[in-house]
Amino acid sequence: MESRRIEFARPDRFVAGTAGEGEQRRFYIQIREGSLLATVAISRGQLTMLALHLGTVLDEVSRLGAVDTAEADRTVDAGPLEVPLFALFSANELQVGWDPVAGFIRVTLSDPDVEPPYCLDVLLTPKMARRFGTRANRVVRDAPACPLCSQQIAPEGHVCPRLDGYRAFRF
(Lines give C-alpha, C1' and ligand atoms only; values in the text may rest on other atoms or scores of the structure.)
Protein backbone atom coordinates (compact mmCIF):
# COMPACT_ATOMS: atom_id res chain seq x y z
CA MET A 1 0.00 0.00 0.00
CA GLU A 2 1.20 3.53 -0.77
CA SER A 3 2.42 5.58 2.16
CA ARG A 4 0.66 8.69 3.40
CA ARG A 5 3.13 11.52 2.88
CA ILE A 6 2.64 15.02 4.29
CA GLU A 7 5.11 17.78 3.48
CA PHE A 8 5.60 20.95 5.47
CA ALA A 9 7.50 23.21 3.07
CA ARG A 10 7.37 26.37 5.21
CA PRO A 11 6.40 25.42 8.76
CA ASP A 12 5.44 28.19 11.16
CA ARG A 13 6.34 26.04 14.15
CA PHE A 14 8.46 22.90 14.66
CA VAL A 15 8.83 22.05 18.35
CA ALA A 16 9.39 19.21 20.78
CA GLY A 17 7.40 18.85 23.96
CA THR A 18 6.06 16.46 26.56
CA ALA A 19 2.78 15.51 28.17
CA GLY A 20 2.28 13.59 31.38
CA GLU A 21 4.32 13.14 34.52
CA GLY A 22 6.94 10.63 35.65
CA GLU A 23 6.82 7.29 33.87
CA GLN A 24 3.64 8.41 32.08
CA ARG A 25 5.53 11.24 30.34
CA ARG A 26 5.40 11.04 26.55
CA PHE A 27 7.51 12.98 24.06
CA TYR A 28 6.11 14.63 20.94
CA ILE A 29 7.14 16.67 17.94
CA GLN A 30 4.57 19.14 16.70
CA ILE A 31 4.54 20.89 13.33
CA ARG A 32 2.25 23.72 12.28
CA GLU A 33 1.99 25.33 8.86
CA GLY A 34 -0.96 27.69 8.55
CA SER A 35 -4.03 25.75 9.64
CA LEU A 36 -2.36 22.34 9.24
CA LEU A 37 -1.19 20.83 12.54
CA ALA A 38 0.55 17.48 12.94
CA THR A 39 1.72 15.81 16.13
CA VAL A 40 4.04 12.81 16.15
CA ALA A 41 4.98 10.70 19.17
CA ILE A 42 8.69 10.03 19.60
CA SER A 43 10.82 8.25 22.17
CA ARG A 44 13.11 10.17 24.47
CA GLY A 45 16.18 8.54 22.91
CA GLN A 46 15.10 9.36 19.36
CA LEU A 47 14.41 12.97 20.30
CA THR A 48 17.86 13.22 21.85
CA MET A 49 19.47 11.75 18.74
CA LEU A 50 17.48 14.02 16.41
CA ALA A 51 18.60 17.13 18.33
CA LEU A 52 22.20 15.89 18.35
CA HIS A 53 22.18 15.07 14.64
CA LEU A 54 20.60 18.41 13.69
CA GLY A 55 23.32 20.19 15.67
CA THR A 56 26.02 18.13 13.95
CA VAL A 57 24.63 18.85 10.47
CA LEU A 58 24.32 22.57 11.25
CA ASP A 59 27.87 22.72 12.61
CA GLU A 60 29.22 20.96 9.51
CA VAL A 61 27.27 23.19 7.14
CA SER A 62 28.54 26.24 9.01
CA ARG A 63 32.11 24.91 8.95
CA LEU A 64 31.89 24.46 5.17
CA GLY A 65 30.71 28.06 4.87
CA ALA A 66 27.38 27.18 3.27
CA VAL A 67 25.47 29.15 5.88
CA ASP A 68 26.33 30.90 9.12
CA THR A 69 24.29 29.09 11.77
CA ALA A 70 26.36 30.27 14.72
CA GLU A 71 24.73 33.73 14.70
CA ALA A 72 21.20 32.32 14.68
CA ASP A 73 19.16 34.21 17.21
CA ARG A 74 18.89 32.34 20.47
CA THR A 75 15.16 32.88 20.94
CA VAL A 76 13.53 29.53 21.56
CA ASP A 77 9.80 28.83 21.28
CA ALA A 78 8.94 28.05 24.90
CA GLY A 79 5.18 27.82 24.35
CA PRO A 80 3.21 24.68 25.19
CA LEU A 81 2.20 22.09 22.63
CA GLU A 82 -1.10 22.86 20.95
CA VAL A 83 -4.19 20.88 21.85
CA PRO A 84 -5.81 18.53 21.11
CA LEU A 85 -2.68 16.43 21.52
CA PHE A 86 -3.35 13.52 19.20
CA ALA A 87 -0.35 11.78 17.63
CA LEU A 88 -0.76 10.75 13.99
CA PHE A 89 1.82 8.01 14.51
CA SER A 90 4.91 7.12 16.49
CA ALA A 91 8.12 8.04 14.65
CA ASN A 92 10.20 4.88 14.27
CA GLU A 93 12.50 6.19 11.55
CA LEU A 94 14.19 9.59 11.41
CA GLN A 95 16.21 11.11 8.59
CA VAL A 96 18.04 14.42 8.43
CA GLY A 97 19.57 15.87 5.28
CA TRP A 98 20.94 19.17 3.97
CA ASP A 99 19.76 20.63 0.66
CA PRO A 100 22.62 22.90 -0.43
CA VAL A 101 20.67 24.41 -3.34
CA ALA A 102 17.63 25.49 -1.32
CA GLY A 103 19.56 26.07 1.92
CA PHE A 104 17.14 23.96 3.97
CA ILE A 105 17.41 21.00 6.27
CA ARG A 106 14.96 18.19 5.54
CA VAL A 107 13.72 16.18 8.50
CA THR A 108 11.73 13.06 7.69
CA LEU A 109 9.70 11.33 10.40
CA SER A 110 8.11 8.02 9.46
CA ASP A 111 6.52 4.82 10.73
CA PRO A 112 6.71 2.02 8.15
CA ASP A 113 5.18 -0.49 10.60
CA VAL A 114 1.60 0.83 10.37
CA GLU A 115 -0.84 0.37 7.51
CA PRO A 116 -0.78 2.59 5.57
CA PRO A 117 2.76 3.78 6.37
CA TYR A 118 3.04 7.43 7.42
CA CYS A 119 5.77 9.88 6.48
CA LEU A 120 6.18 13.57 7.36
CA ASP A 121 8.72 15.71 5.51
CA VAL A 122 9.62 19.02 7.13
CA LEU A 123 11.83 21.63 5.47
CA LEU A 124 13.57 23.79 8.07
CA THR A 125 15.67 26.91 7.84
CA PRO A 126 18.96 26.57 9.72
CA LYS A 127 17.67 29.03 12.33
CA MET A 128 14.50 26.98 12.93
CA ALA A 129 16.52 23.75 13.12
CA ARG A 130 18.88 25.29 15.70
CA ARG A 131 15.92 26.52 17.77
CA PHE A 132 14.33 23.06 17.63
CA GLY A 133 17.55 21.42 18.84
CA THR A 134 17.86 23.84 21.74
CA ARG A 135 14.28 23.25 22.86
CA ALA A 136 14.51 19.47 22.37
CA ASN A 137 17.60 19.34 24.58
CA ARG A 138 15.78 21.31 27.28
CA VAL A 139 12.72 19.04 27.05
CA VAL A 140 14.83 15.90 27.42
CA ARG A 141 16.98 17.39 30.19
CA ASP A 142 13.91 18.45 32.20
CA ALA A 143 12.52 14.90 32.19
CA PRO A 144 14.30 13.16 35.09
CA ALA A 145 16.01 9.91 34.21
CA CYS A 146 17.57 7.20 36.33
CA PRO A 147 21.38 7.53 36.20
CA LEU A 148 21.68 3.73 36.21
CA CYS A 149 19.22 2.63 33.49
CA SER A 150 18.11 5.92 31.83
CA GLN A 151 14.42 5.15 32.33
CA GLN A 152 12.17 7.96 33.47
CA ILE A 153 11.67 8.31 37.18
CA ALA A 154 8.19 8.86 38.56
CA PRO A 155 7.83 11.23 41.54
CA GLU A 156 7.54 8.19 43.83
CA GLY A 157 10.68 6.60 42.30
CA HIS A 158 11.00 3.50 40.14
CA VAL A 159 12.23 -0.05 40.45
CA CYS A 160 15.50 0.00 38.56
CA PRO A 161 16.32 -3.13 36.52
CA ARG A 162 20.04 -2.40 37.08
CA LEU A 163 19.43 -2.99 40.79
CA ASP A 164 17.83 -6.36 39.97
CA GLY A 165 14.37 -4.95 40.65
CA TYR A 166 14.80 -5.29 44.42
CA ARG A 167 15.20 -1.64 45.36
CA ALA A 168 13.42 1.51 44.32
CA PHE A 169 15.68 4.27 43.09
CA ARG A 170 14.85 7.82 44.23
CA PHE A 171 16.57 11.16 43.85
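This is a predicted model: local features need pLDDT of at least 70, side-chain atom pairs count only at pLDDT 80 or more; totals for chains, interfaces and linings use all residues.
Residues are numbered from 1 along each chain as its sequence is written, and side-chain values use heavy atoms, with hydrogens and water left out.

Now the overall layout. The protein chain has two helices and nine strands, taken as DSSP runs numbered from the N terminus (helices are H or I with at least four residues, strands are E with at least two). Reading from the N terminus, the order is β-β-β-β-α-β-β-β-α-β-β. Of the 171 residues, 42% are buried, meaning under 20% relative accessible area with a 1.4 Å probe, protein chains only (exposed is over 50%, partly exposed in between). Among contacts with a separation of 6 or more, 55% are between residues 24 or more positions apart; a contact means heavy atoms within 4.5 Å.

Back to the sheet. It is an open one of three strands in the order β2-β3-β4, with antiparallel pairing; strands pair if DSSP finds at least two bridges between them. β2 and β4 sit at the edges with a single partner strand each, so one side of each has no neighbour in the sheet. From one strand to the next, the twist averages 25°. Seven bridges link β2 to β3 (residues 26-33), and along them valine 15 has glutamine 30 as its bridge partner, while phenylalanine 14 stands opposite isoleucine 31. Seven bridges also join β3 to β4 (residues 36-42). These two strands form a hairpin with two residues between them, and glycine 34 in the turn has a positive phi of about 65°.

What lies across these strands? Helix α1 lies across β2, β3 and β4, running at about 50° to β3, and α2 lies across β2 and β3, at about 5° to β2. Axes here are lines fitted to C-alpha atoms, for helices over the stretch in contact, and angles run from 0 to 180 degrees between N-to-C directions.

The helices meet each other too. α1 (residues 44-63) and α2 (residues 126-142) pack at an angle of about 145°, with their axes 9 Å apart. Residues in the contact include Leu47, Leu50 and Leu54 from α1, and Ala129, Phe132 and Val139 from α2. The contact residues divide into eleven nonpolar, four polar and three charged. Here Ala, Val, Leu, Ile, Met, Phe, Trp, Tyr, Cys and Pro count as nonpolar, Asp, Glu, Lys and Arg as charged, and the others, Gly among them, as polar.

Finally, the rings. Rings of Phe, Tyr and Trp (its six-membered ring) pair if their centres lie within 6.5 Å; planes under 30 degrees apart are stacked, over 60 edge-to-face, and the rest tilted. That rule gives two aromatic pairs. One is tilted: phenylalanine 14 and phenylalanine 132, 4.4 Å centre to centre with 35° between the planes. Phenylalanine 14 lies in β2 (residues 13-19) and phenylalanine 132 in α2, so this pair ties together parts that are 118 residues apart in sequence. The stacked pair is phenylalanine 89 with tyrosine 118, at 5.4 Å centre to centre and 15° between the planes.
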